[in-house]
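This briefing goes with the structure shown below. Keep the sequence and the 3D view open while reading.

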Amino acid sequence: MSLQVENLRVYYQTLRGDVKALDGATFTIEDREIMGLAGESGCGKTTLGHSLIRLTAPLRYVEGRVILDGAELPIADMARMDEFRMKRISIIPQYAMNALNPTRKIGTMTQELIRSRRMEAETSPEELRRRLDLVRLPHDVLNMYPIELSGGMKQRMVMVLSTLLNPSLLIADEITSALDVATQKAVAEMLVEFRDRGIVKSMIVITHDVSILYQVADSILVMYAGQLAEKASTETIIRSPRHPYTKMLVSSLPTVGVRYAEHKLAGIPGTTPLLLDPPQGCRFRDRCPVAFRKCVEVPPFLELAKGHWVACWKEFGSHA
Amino acid sequence: MRRYFGRKFLIYGLTFLLAVTIDWLIPRFMPGDPIANMLSRAALNADAAQVLYTYYTHAFRLDLPIWQQYLNFWNALFHGDLGISTYLFPTPVVRVLLRAVPYDIALLLPAILLSWLAGNRFGAFAARTKWLDNTVLPLGYILTATPYMWLGILLAWVLGIVLGLFPIAGAYSFDLSPHLSWRFLSDVVWHWFLPFASLFLVQFGGWAIGMRNMIIYELEADYSHYLEALGSPRRLVRNYAFRNALLPQLSGLALQLGVIVAGALVTEVVFSYPGIGYLLLSAIQNQDYFLVQGCFLFIIIGVLVANFAIDIVYVLVDPRTRKGMTGEKA
Amino acid sequence: MKTAKGSEFLFFALRNPKLRVGLTVVLFFLGLSLIGPLLTHNAPFDYVNPAGADPPSSEYWFGTTTFGQDVFAQFVEGLRATFLVGWIGGGLGTLIGVIVGFTAGYRGGLVDEALNMLTNIVLVIPTLAVLLIITAYLEVRGVLIESIFIGLTAWPWTARAIRAQTFSLRSREFVDLARLSGMKSSKIVFTEIAPNMMSYLLLAFILQFGGATLIAATLDFIGLGPTTGISLGLMMNNAVLWGALYLGMWWWFVPPGLAITTIVGALYVTNVGLDEVFNPKLREM
C-alpha cells in the first residue's frame, strides 16, 4: 500500500468565513507503516483524517490530491468515494462508542451493512467470528444491542467492523482518548496486531497523546495549526526532533519518576492561533523561541535527512 | 421493564381515580336541576310534578349524604351502571353511549392510524430533497395550525355544498335505518368521509413536520456518520434513521391523544356526527347529569386504553426499554 | 461578554427569514386588532344592514350576517378577544409550566417524582372535555375566566420542556462552580441558570399563545366561550348555527378561521425561526 497526499487544503465553512483547518499537507506513507498523527487540539489532525474518507459539509475541499495504491481518491465526491470506503480505506472514528445503531442488534446491523454493500462474497460468518476472537469479544455480542455492551466493547466492535473488508489504509481517530490506561495499551496492541497479521496494510493513528504513539507508531507526523511541522521515525521525533514545536512538545511530556521539585513541567507559552484569520507564514512563529524574519513566509515541508521532513526556515539554514 | 410498566400503571391508576372523582363532582355543580328540567318537559300539574320529583330524587339517590353518593358511584361503576339519561329518558346511559361508540371508533381509529403512518412517510420524504422540503413543510405548518372545526367547515362547504359531493350532517341518511346491507354501509361511508378527512388532514400536517425534524436529527447522529464512512448506500442510512425517528413519534402520539379527542369532538359538532363528543355537548346543553358523567368516563377510559396500547407497542419496538436502560419515557 | 451575546442574537434574529415573516404576520394582525375597530363606525352587534345578509362590498368590507350585522366589525373585535386570550391564557400556562418544570428539574428526587406524576396525569386527561364541563357550570363567563381556565390546563407541555432543560443546565459545570464558590441557591438560579432559560421561556410562551388561541376558538365554537362579546370562534359558531353553510355565506365563516390559522401558523414559524437563532447548530449554512 502507498499513500501520497499532495498539497491538501480543506477548510471549514462557517457563517463568519472559512476556518483554514488544513492548509497544505503533503506527505507519504509507505506500505506496512503505522504513522502517528500528533498535535494539539485544533491542529487539523482530525480534519485530515476525515478529509481522506468523509469530506462533507461543513468541510469544504479547496485543493490537493490523494493517491492511494496508485489510484486517485475522489475525496471531494461523496458518492464516488463509496467504492473505496471500507474496502480500500476505513476509519475507526472518535465517536466509536456511539457509532452503532442503538436499535439494531449488532449482528443484524453487520449483516445488513454487508448485504447492502454487496460484499457477501468478500467476508464470511466464520471470518467475522475470527475477528471477534482477535479483539477478545465473545461471539454473543452479535446477538446483543449496543446498549448491552460496555464502552470498551463497543469500541472493539467498531474496530472489527471497520477492518472487516481488509482495507489498505486504516485511520484510527483518537481511539484511546476515552479509555483507561490499561485498556489503552490493549487497544494499541490490537492495532499493531491488525497490521502484523496483514488485516490492514498501513495505519494513521490520530491522537494528542504522544506516549501512545511511542508504543505503536513507526513514524510520527506532527501538525500545528493546520500546517505540517515535522515527520520522522518515532525514535527520531522523540530523541532528536528538529522543529521547534516538536522539541517543545516532546520536552513538555512528564517523565515517569521525575518529581516536580527536580524538574518543573514546562508547557509552551501562548495559545494556538485562531484559524479563521491565521497569521501569515509559519503559524508557530508567535510562540517560537527561534523565529526570525523569514518566518513570515510559509516554510515548505522538506526532507532534510532520509525519512525526516521538517518545515522550518531555521532548520533549512543550518542544514544548508 | 417491570419498572417501566409499574410507573405507567401508577399513572393510569391515579389518573383514573382523579378522573372518576372529577366525573362524579361535575354534575353536583351543574347549573340547573335536571329532574326539574325533565319534569318540565312532561307538562304535568303541580301536585303530580311534586310526587314525581321526590320519586326521581330518590331513584337517582340524590338525597343521600355526599360521601355515600361517592361510594355508590364507584359501586355502580363496577356494575356497569351509569344511571339513566334524563335527556333521552328512559334509556340507560350505558346504552346511549354504546350506540355512539362505534361511530367514534370508526372515525378516530382510521384517522389516527392513517394520518400517523402517512404523515411520517411524507415527513421522511421531505427530509430527502430540498424542493420537497420546501413544499411539504409550509403545507404541514398550515395544516397543523388549522383549527379542526374550521377545516371541517371548509370541507363541508366546498365539498359538501358547493360541489355537492358529500353529505354534511349525520352518520347516515335520514330515510335509512341501520341494517346490514351494501346500501346502508356505503351510505355510512359516504357520510363518514368528510369528518374523517378533516381529522386526518390536521394531524397529518403535524406528523409530517415532526418526522421531518426527527429524521434530520437522526441523519446527523454518530451512527449515521459512521455508516456513511463505511460506504453504506443512502438507502440503508435513511432506513435506520427512519426507524429510529419513529420512536419519539410514537410517544408523541400518546401525548397528542387528548388534543385529537378534542378535535374529534368539535368535528362531530360541525357534521352533527353522533359520536360521544356530540353526545357530550347535547348532554351539557340539556343538563343531563348522568349522560355527562358517562361521556366523560368513556372518553377517559378510551384515552387511557389507547395510551396503554401505545406503551405496549413502544416496548416491542424499542429494544432499549426492554433492556431496562431508559429512565424517562413519555 | 453579555453585550456581545445580545448583539449577536439580534444580528441573527433580524436576518432569519422565518422569524421575520412570522413576526410580521403576527404583528400585522395585532395591529389590525388594535386599530381595526377604529376603522369602522359599526359596533359588532348593531343591525346595520336592513337587507340582512350581503356579500362583501365597498360598504361592508367583509359583508354582513343573516341579521345584517357588519362582519368586519365583528372580525376586528373578535381579533382583540383572541389576542387577549392568547396573552393571558398563554402567559398563565407558561408561568405555571415554568414553575412546575423548574422546581421539578432543580430539586429532583421526590419533588420531581411527584410533580412529574402530576404533569403526566394532567397530560393524559383530555383537557377539552374537562374545560367543556367546567365552563358549562358557569352561568356568566368572560374572556378572563376562559383564559384562566385554559392556562390552568395547558401548562404540562411547557413543564416538561423546562424540566428537561433545567436538568441539563443543573449538571453543567458553571453551576457546580457557582455552588462551590459558595453562591446562595437563589442567586445561582437568577444569575447563572435564568439567562440560559430565557430562550426556552420565549419559545414556550409562543407555543402556549398559539395553543391557547386554538383552545379558546374551539370552546367558543361549541358555544361555551364568553357569554358576552364576540370572538372569532363565536363568529364561526353563529355562522354554522344560522345556516351560513347552506346559504353559501362564506364571508361569515372564512375570515375568522383563516385569521386563526394564519396567526397560529405564523407563531409556529416564528418559533422555528427563533429556535434556529438560539441554536447555532440549526442555522442553515
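The model is predicted. Chain B has 13 helices and 0 strands, and chain C has 12 helices and 0 strands. In chain A, by contrast, 8 strands form an open sheet.

**Chain B overall**

- Read from the N terminus, the elements of chain B run α-α-α-α-α-α-α-α-α-α-α-α-α.
- Chain B has 330 residues, and 42% of them count as buried.
- Take the contacts in chain B between residues at least 6 apart in sequence: 73% of them join residues at least 24 apart.

**The contact between chains B and C**

- Chain B gives 40 residues to this contact, and chain C gives 35 residues.
- On the chain B side, the elements that give two or more residues are α1 (2–28), α6 (130–145), α7 (148–162), α10 (234–271), α11 (276–285) and α12 (289–317) of chain B.
- The largest share of that side comes from α10(B), with 8 residues.
- By residue type, the side of chain B that touches chain C divides into 36 nonpolar, 4 polar and no charged residues.

**Helix α7 of chain B**

- Helix α7(B) has 15 residues and reaches 20 Å from its first C-alpha to its last. This is close to the 21 Å expected at 1.5 Å a residue.
- Is α7(B) mostly covered or mostly open? It is mostly covered, with 11 of its 15 residues buried.
- The buried residues of α7(B) include B:Y148, B:W150, B:I153, B:W157 and B:G160.
- After α7(B) comes B:G164, whose phi is positive, near 60 degrees.

**The largest nonpolar core**

- This core holds 254 residues. Which of them touch the most other members? They are A:V205, B:I153, B:L280 and B:C295.
- The element that gives the most to this core is α10(B), with 18 residues.
- B:I153 is one of the buried residues of α7(B). Leaving aside its neighbours within four places in sequence, B:I153 is in contact with B:V270 in chain B, and with C:M236, C:V240, C:L245, C:F253 and C:G257 in chain C.

**Chain C overall**

- From the N terminus on, the elements of chain C run α-α-α-α-α-α-α-α-α-α-α-α.
- Along the principal axes, the C-alpha atoms of chain C fill a box of roughly 75 × 45 × 30 Å.
- Chain C has 285 residues, of which 49% count as buried.
- For contacts in chain C between residues at least 6 apart in sequence, 70% join residues at least 24 apart.

**The sheet of chain A**

- Strands of a sheet pair through backbone hydrogen bonds, either parallel or antiparallel.
- The 8 strands of the open sheet in chain A stand in the order β6-β7-β8-β3-β9-β10-β12-β11, and the pairing is mixed.
- Which strands are the edge strands? They are β6 and β11 (302–305) of chain A, and each pairs on one side only.
- From one strand to the next, the twist averages 25 degrees.
- The strands β6(A) and β7 (residues 169–173) of chain A run parallel and are joined by 4 bridges.
- A:I92 stands opposite A:A172, which is in β7(A).
- Helix α5 (residues 151–162) of chain A lies across β6 and β7 of chain A, and runs at about 175 degrees to β6(A).

**Backbone details in chain A**

- A cis peptide bond, with omega about 5 degrees, joins A:A57 and A:P58. A:P58 is in the loop between α1 (45–53) and β4 (59–68) of chain A.
- A:D69 is not a glycine, although it has a positive phi of about 50 degrees. A:D69 lies in the loop between β4 and β5 (71–72) of chain A.
- A:M86 is also not a glycine, and its phi is positive at about 70 degrees. A:M86 is in the loop between α2 (78–81) and β6 (89–92) of chain A.
- Why does A:D69 count as partly exposed? A:D69 has 16 other C-beta atoms within 10 Å, and partly exposed lies between the limits of 12 or fewer for exposed and 20 or more for buried.
- A:M86 counts as buried because it has 26 C-beta neighbours inside 10 Å.

How values were computed: Residues are numbered from 1 along each chain as its sequence is written. Chains are lettered from A and ligands numbered from 1 in the order in which they are written. This is a predicted model: local features need pLDDT of at least 70, side-chain atom pairs count only at pLDDT 80 or more; totals for chains, interfaces and linings use all residues. Two residues are in contact if their C-beta atoms, placed from the backbone, lie within 7 Å. Ala, Val, Leu, Ile, Met, Phe, Trp, Tyr, Cys and Pro count as nonpolar, Asp, Glu, Lys and Arg as charged, and the others, Gly among them, as polar. The expected span of a helix is 1.5 Å times one less than its number of residues. A nonpolar core is a set of buried Ala, Val, Leu, Ile, Met, Phe, Trp, Tyr and Cys residues joined through C-beta atoms within 7 Å. Two strands pair if DSSP finds at least two bridges between them. Axes are lines fitted to C-alpha atoms, for helices over the stretch in contact, and angles run from 0 to 180 degrees between N-to-C directions.
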